[in-house]
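Keep the structure open as you read.

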Amino acid sequence: MAVADDMLRLAVEAGDQPFGAVVVKARRIVGWGPSRVVSDTDPTAHAEMIALRDAAKRLGTGDLSGCTMYGTSHPCPMCEAGAYWANVDKFVYGDGRIDGGAPRLRRC
């Protein structure tokens, strides 16, 4: 969770939104994600999406089974759907390290 907080700080220092996320597999960080919505002028560049993309690239697969995503806030529906489609096992978010359980696919 501390590294997700570091990602939040990197995002803020870059003039972006205050969000950060990491993807962990077997106690190892495999994906990093500061928010890049503002810096990349990309409305889909949420920290969670950046972390998912990074993890998939580093692991060489879009199947992130066995992974947990740690984020600085509750994931929005887009990010939760992305984690769902990537087969992320569960979310942990916020200062209280809330166990958000397995990602679910919900209608907006």
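Ala-4, Met-7 and Ala-11 are the buried residues of helix H1, where buried means under 20% relative accessible area with a 1.4 Å probe and protein chains only. Seen down the axis of H1, its buried residues fall within an arc of 50°, so they line one face of the helix; the arc is taken from the directions from the helix axis to the C-beta atoms. That pattern has a simple background: an α-helix has 3.6 residues a turn, so residues three or four places apart point the same way.

A word on the source: this is a predicted model, in which local features need pLDDT of at least 70 and side-chain atom pairs count only at pLDDT 80 or more, while totals for chains, interfaces and linings use all residues. Residues are numbered from 1 along each chain as its sequence is written, and side-chain values use heavy atoms, with hydrogens and water left out.

What covers that buried face? The cover of the buried residues of H1 includes strands E1 (20-25), E2 (28-34) and E3 (67-71), with contact meaning heavy atoms within 4.5 Å. Helices (H or I, at least four residues) and strands (E, at least two) are DSSP runs, numbered from the N terminus.

Now follow E3. Four of its five residues are buried, so E3 is largely enclosed by the rest of the structure. E1 and E3 run antiparallel and are joined by five bridges; strands pair if DSSP finds at least two bridges between them. E3 also runs parallel to strand E4 (residues 90-93), with four bridges joining them, and Val-92 in E4 is the bridge partner of Tyr-70.

Note on methods. Buried < 20%, exposed > 50% of the residue type's maximum accessible area, 1.4 Å probe, protein only.
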